[in-house]
Amino acid sequence: MLEELDIFLDDRPDSLDSWCEEHLSFLDPALRVVVALSGIHALPARQIRSLLVEHVDLPGQRLDPEGLNRPLDDYTAEAIRGYLACRQHRWPNSTNPHLLITRNTATTTTSVGTFWMDRLVKELPVGVDRLRQDRILEEALASGADPLHLAHVFSLGAKASLRYTSAVTESEAEQAPSTR
């Protein structure tokens with residue numbers, strides 16, 4: 001799909017809005033980015049809203065929110081590329097340093113607000129916080145409930161890491177067959 005976008009941008013940049021509506025109408029490009037950042041990278045909503053364009057290194061496949069320097073997966077990189085292409089077409093003169101912008105923030109340097117993000121994800125079955133929590137729980141299951149691993153991967157504090165690993169070990173204990 002990204003190749004289609006690159007070809008399309010080269011051929012007909014004047015009709016990018018109609019192309020986005022036709023091919024991405026099922027999922028807003030900004031929503032794809034938010035879902036990827038919360039559901040894959042487990043970034044909290046405040047971090048997603050405040051993420052700067054300079055924190056995303058697409059050629060180097062790195063994501064560096066607040067100095068965390070994480071690897072960037074292909075799905076998230078594609079989502080960000082698609083969003084940036086639509087953003088560039090819609091607001092070509094914007095100097096807002098934030099990755100996500102709206103028509104109200106495009107002419108400022110402020111981040112998008114909580115109301116905007118809540119409206120963006122309102123059609124999803126779960127919110128950004130739940131996506132983040134589910135991703136951390138999934139990693140806890142995959143890592144054998146290692147609190148140090150969770151703390152390192154998601155920059156969690158000791159209490160938060162232990163809370164997630166406790167939830168996983170309690171769930172595993174409940175699901176284990178009884179030996180009575």
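This is a predicted model: local features need pLDDT of at least 70, side-chain atom pairs count only at pLDDT 80 or more; totals for chains, interfaces and linings use all residues.
Let's start with one side chain: Arg-135 is buried, at a relative accessible area of 17%. Here buried means under 20% relative accessible area, exposed over 50%, and partly exposed in between (1.4 Å probe, protein chains only). Two salt bridges involve Arg-135. One pairs Arg-135 with Glu-138 at 3.7 Å, N to O, and another pairs Arg-135 with Glu-139 at 3.0 Å, N to O. The term salt bridge stands for a side-chain nitrogen of Lys or Arg within 4 Å of a carboxyl oxygen of Asp or Glu.

Glu-138 sits 3 residues from Arg-135, about one turn of the helix, and both belong to helix H7 (residues 128-142). Glu-139 is also in helix H7, 4 residues from Arg-135, again about one turn. With a relative accessibility of 16%, Glu-139 counts as buried. Through shared partners, the salt bridges join Arg-135, Glu-138 and Glu-139 into one network. Helices (H or I, at least four residues) and strands (E, at least two) are DSSP runs, numbered from the N terminus.

## A link between helices H3 and H5

The whole structure holds 4 salt bridges. Among them is the pair of Glu-78 and Arg-32, whose side chains meet at 4.0 Å, N to O. Glu-78 belongs to helix H5 (residues 74-90) and Arg-32 to helix H3 (residues 29-39), so this pair ties together parts that lie 46 residues apart in sequence.

Residues are numbered from 1 along each chain as its sequence is written, and side-chain values use heavy atoms, with hydrogens and water left out.

The average pLDDT (the predictor's confidence in each residue, from 0 to 100) is 83 for the protein, and 81% of the residues score at least 70. Confidence is highest in helix H4 (residues 45-50), at a mean of 95, and lowest in helix H1 (residues 2-11), at 40. Across residues 1-17 the pLDDT is below 50, and this stretch has 25 contacts in the model beyond near neighbours in sequence, a contact being heavy atoms within 4.5 Å.
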